Amino acid sequence: MSADKLLSFLGKESLEGMDFLDIGSGSGLHSLAAFDAKAKRIHSFDFDPLSVRTTAKLRQLAGDPPNWIVERGDVLDVDYLQRLGTWSLVYSWGVLHHTGAMWQAIENAAHKVAPGGLFFIALYSSNVVKPSAEFWLDVKRRYNAASPGKRRWMEYWYIWRFGLGRNPLQLPQLLKQIYDKKKGRGMSYMTDVRDWLGGWPMEFADDQAVVDFLKERFDFELVRMSTGEACTEFLFQSPNNPPSSRN
Ligand SMILES: C[S@@+](CC[C@H](N)C(=O)[O-])C[C@H]1O[C@@H](n2cnc3c(N)ncnc32)[C@H](O)[C@@H]1O
């Protein structure tokens with residue numbers, strides 16, 4: 001995500017004066033976008049040490065700014081989160097559904113939003129996924145349990161059924177997609193295929209259930225939602241006077 005894309009979804013011209021908590025920073029590109037958007041303070045954490053190293057590398061390339069911390073952390077570790085305090089912008093793109101306890105992770109992340117602050121999350125949506133969330137959960141379970149050889153077959157099956165739509169005449173379009181992806185995101189198609197089939201744990205969320213959960217539990221108001229892609233993006237605002245049930 002570029003700074004422009006981040007700011008456009010937030011409806012802001014810059015992040016000046018805001019602090020940015022990036023939960024599950026992965027490559028670190030979103031934290032870098034927050035840095036470029038002039039966030040006052042950035043804290044990026046990820047469960048996976050390799051992701052921490054990658055984010056730290058981006059921080060280094062940005063000139064080792066003292067207002068940007070990168071470390072290993074777990075969104076399911078309440079003691080760790082407690083130490084982080086609250087943030088005017090809590091951000092988590094494509095992470096909370098990969099924790100194995102999605103609703104708990106959403107709740108833990110929401111607790112980190114300061115009164116009046118923003119909560120920007122993206123979650124795999126059960127409303128748009130085809131053929132169905134259950135279908136993909138079953139495929140992913142089987143892929144993860146399979147031998148290396150069986151996995152290779154499942155990758156070919158995926159390309160035939162979903163890359164080509166069972167139609168060999170679709171090959172030119174698929175090749176263009178592969179080229180565009182490599183050029184745009186720098187990611188190889190096969191890495192993307194393996195990432196999708198192998199990405200586990202994984203859950204899907206119903207868009208409205210997310211909105212209802214955060215309203216009921218935290219009195220968060222939905223500011224904006226972008227749906228139709230694999231992940232639905234949500235922007236919530238926390239009330240200035242949070243309900244007393246929050247801790
Ligand atoms: C699909 S990647 C998304 C990374 C990044 N947010 C992005 O959009 O590029 C999911 C990330 O969530 C991290 N993750 C999974 N479980 C986590 C947890 N319990 N606490 C923190 N990060 C976690 C993974 O290590 C991975 O980097």
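Tutor: Here is a walk through the salt bridges. This is a predicted model, where local features need pLDDT of at least 70, side-chain atom pairs count only at pLDDT 80 or more, and totals for chains, interfaces and linings use all residues. Residues are numbered from 1 along each chain as its sequence is written, and side-chain values use heavy atoms, with hydrogens and water left out.

The structure holds 10 salt bridges (a side-chain nitrogen of Lys or Arg within 4 Å of a carboxyl oxygen of Asp or Glu). Take Arg152 and Glu155. Their closest N and O atoms are 3.4 Å apart. Both residues lie in helix H7, residues 148–163 (helices are DSSP runs of H or I, at least four residues, numbered from the N terminus). They sit 3 residues apart, about one turn of the helix.

Glu155 is buried, at 3% relative accessibility. Arg152 is partly exposed, at 42%. Buried means under 20% relative accessible area, exposed over 50%, partly exposed in between (1.4 Å probe, protein chains only).

Glu155 also meets Arg194 in a salt bridge, 3.3 Å from N to O. This pair links distant parts of the chain: Arg194 is in helix H9 (residues 189–198), 39 residues from Glu155 in helix H7. Arg194 is partly exposed, at 35% relative accessible area. Shared partners join Arg152, Glu155 and Arg194 into one network of salt bridges.

Helix H6 (residues 133–145) holds another pair, Asp138 and Arg142, 4 residues apart. Their side chains meet at 3.3 Å, N to O. Asp138 is partly exposed, at 35%. Arg142 is partly exposed too, at 41%.

Terms used. Helix = DSSP H or I, 4+ residues; strand = E, 2+ residues; numbered from the N terminus.
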